Amino acid sequence: MNRKSKSDISRILQTHGNMLYRTAYLLLGNPHDVQDILQEVLLRYMEKSPAFASGDHEKAWLLRVTSNCCKDCLRFRRRYSCIEPEHIPEYFSAPEDKALIQELYALPAKWKSVLLLHYFEGYSVKEIAKILNLSENAVKKRLQRAREALRLELTS
């Protein structure tokens with residue numbers, strides 16, 4: 001990044017930073033996602049390096065990009081809804097359900113990862129294979145072995 005880009009980014013953050021943060025926070029409601037969105041907006045600004053006729057055009061462009069990035073984030077959340085691991089026990093009130101979760105977390109990482117991706121994150125075998133860089137047959141086998149291990153632990 002050249003010196004001019006650093007000064008432009010600093011100027012944008014000082015001039016429009018609070019407005020962009022408030023806008024993204026109102027749309028997303030999560031400060032961690034807001035930080036990611038603002039980084040994405042600044043990266044797009046650096047990549048495109050648009051020239052503006054006035055400060056109002058720059059402000060409008062930044063707001064539009066922020067809004068679009070937030071919409072993308074919300075679309076992703078809807079498509080790939082997930083449960084944070086630390087919140088999983090809240091969804092299970094019965095003691096046997098909590099025992100299942102504890103057994104799940106006691107599994108080896110290679111089995112646990114495919115189970116979590118498949119059952120909690122909703123990914124298909126094909127998608128899990130791409131994510132973990134495995135063959136589809138390997139994912140199926142890991143799912144089978146993980147289910148069997150859980151079954152053995154829970155019946156004993």
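**View 1. The cysteines come up with 0 disulfides.** The rule here takes a disulfide as a pair of cysteine sulfur atoms within 2.5 Å. This is a predicted model, in which local features need pLDDT of at least 70 and side-chain atom pairs count only at pLDDT 80 or more, while totals for chains, interfaces and linings use all residues. Residues are numbered from 1 along each chain as its sequence is written, and side-chain values use heavy atoms, with hydrogens and water left out.

View 2. Helices (H or I, at least four residues) and strands (E, at least two) are DSSP runs, numbered from the N terminus. Walk along the sequence and the pattern reads α-α-α-α-α-α-α. Of the 156 residues, 28% are buried, where buried means under 20% relative accessible area, exposed over 50% and partly exposed in between (1.4 Å probe, protein chains only). Contacts (heavy atoms within 4.5 Å) with a separation of 6 or more come 58% from residues 24 or more positions apart. The accessible surface is about 10700 Å², with 52% of that belonging to carbon and sulfur atoms; the areas come from the Shrake-Rupley method with a 1.4 Å probe, and for residues only the protein chains shown count as cover.

**View 3. Cys69 sits in helix H3 (residues 55–79).** Is Cys69 buried or exposed? With 4% relative accessibility, Cys69 counts as buried. Setting aside neighbours within four places in sequence, Cys69 is in contact with Ile37, Glu40, Val41 and Arg44. The C-alpha atoms of Cys69 and Asp36 are 9.5 Å apart, although 33 residues separate them along the chain.

**View 4. H5 (residues 109–120) crosses H7 (residues 136–155) at roughly 100°.** Their axes come within 9 Å; axes are lines fitted to C-alpha atoms, for helices over the stretch in contact, and angles run from 0 to 180 degrees between N-to-C directions. That makes H5 roughly perpendicular to H7 (65 to 115 degrees; under 35 counts as roughly parallel, over 145 as roughly antiparallel and the rest as oblique). Among the residues making the contact are Trp111, Val114 and Leu115 of H5 and Val139, Leu143 and Leu150 of H7. The contact divides into 9 nonpolar, 1 polar and 4 charged residues: Ala, Val, Leu, Ile, Met, Phe, Trp, Tyr, Cys and Pro count as nonpolar, Asp, Glu, Lys and Arg as charged, and the others, Gly among them, as polar. In H5, the buried residues include Val114, Leu115 and Phe120. Just after H5, Gly122 takes a positive phi of about 85°.

**View 5. H6 (residues 125–132) packs against H7 at about 105°.** The axes are 8 Å apart, and H6 and H7 are therefore roughly perpendicular to each other. Val125, Lys126, Ile128 and Ala129 of H6 meet Glu136, Val139, Lys140 and Leu143 of H7. By residue type, that contact has 5 nonpolar, no polar and 3 charged.
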